Amino acid sequence: MVYERMRKAHFLNRPNRFIATVELDGQPVVCHVKNTGRCRELLLPGTEVWVQEAASPARKTAYDLIAVQKGERLINMDAAAPNAALGEWLRQGGLLPEPRLVKAEAKRGASRLDFYVESADRRAWVEVKGVTLEEKGHTRFPDAPTERGIKHLRELEECVRDGYEAYAVFVIQMEGAEDFAPNWQTHAAFGEALCHAAEAGVGILALDCTVTPRSMQIRRPVPVRLDKPEQA
């Protein structure tokens, strides 16, 4: 996926989870934050960020905050990017070879899952989670408790029971991740649910990405660690 109209800025503050103030061309500018997660380890005063100029001049905020520099890593923090990048990957045969159907926001019963994928002889449901939390190359999800995430895992288990393939895919919005694991300290219940889903036959995938100020693309799988730490 590719972004247009990108500008370099520096983060100043985040009054609430929807907006942030950045310094752009020496002036404070309010921009929309396209990620309602905490992101406290990313959004530090003075940090270099990349913002996208809005296409519509009628918007209340003229820019969207897209990416942030953390040490040597550029991290995309656009919450919409994981689904967009994974959709491209699925259509290229990343999950099922020669897919004949890739449907986003696919309805299943009374709910929706992020993707439904079909090839000649396989059918799969996919739920996507974006990952921005990283420490020394180790990535984790979630950065805040997520009952909605647990609900999605249970829905994937139902898909398996109904004879489909099902996958929870964690799109790591940076390059060079060493591994991925549930964030046991922040939400142990999600970790337990992820382990239960894996035991029920749900595939657990983690994929890191090549990230530039103007793009994000699925790069490669990284190891998934589901063992619960003793201290958690």
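## The largest pocket

Sort the lining of the largest pocket by class and you get eleven nonpolar, ten polar and twelve charged residues. This is a predicted model, where local features need pLDDT of at least 70, side-chain atom pairs count only at pLDDT 80 or more, and totals for chains, interfaces and linings use all residues. Residues are numbered from 1 along each chain as its sequence is written, and side-chain values use heavy atoms, with hydrogens and water left out.

The pocket holds about 840 Å³ of space. Its lining has 33 residues, with Ala79, Lys129, Gly130, Phe141 and Arg148 nearest the centre. Here a pocket is an open set of points on a 1 Å grid over the protein atoms alone, where a 1.4 Å probe fits, with protein on both sides within 12 Å along at least five of seven lines; lining residues have an atom within 4 Å of a point. Strand 9 gives the largest share of the lining, five residues.

## Glu155

Glu155 sits in helix 2, which spans 147-161 and supplies at least two residues of the pocket lining. Why does Glu155 count as buried? Because its relative accessible area is 9%, and buried means under 20% (1.4 Å probe, protein chains only).

Beyond its neighbours within four places in sequence, Glu155 is in contact (heavy atoms within 4.5 Å) with Arg108, Ser111, Arg112 and Leu113.

## Asn76

Asn76 belongs to strand 6 (residues 73-76) and is buried, at 1% relative accessibility. Its side chain reaches the backbone nitrogen of Asp78 at 2.8 Å.

Note on methods. Helix = DSSP H or I, 4+ residues; strand = E, 2+ residues; numbered from the N terminus. Buried < 20%, exposed > 50% of the residue type's maximum accessible area, 1.4 Å probe, protein only. Polar contact = N/O pair within 3.5 Å; in protein donor to acceptor, adjacent residues only side chain to side chain. Points joined across faces, edges and corners; volume = space filled by probe spheres on them. Nonpolar A, V, L, I, M, F, W, Y, C, P; charged D, E, K, R; others polar.
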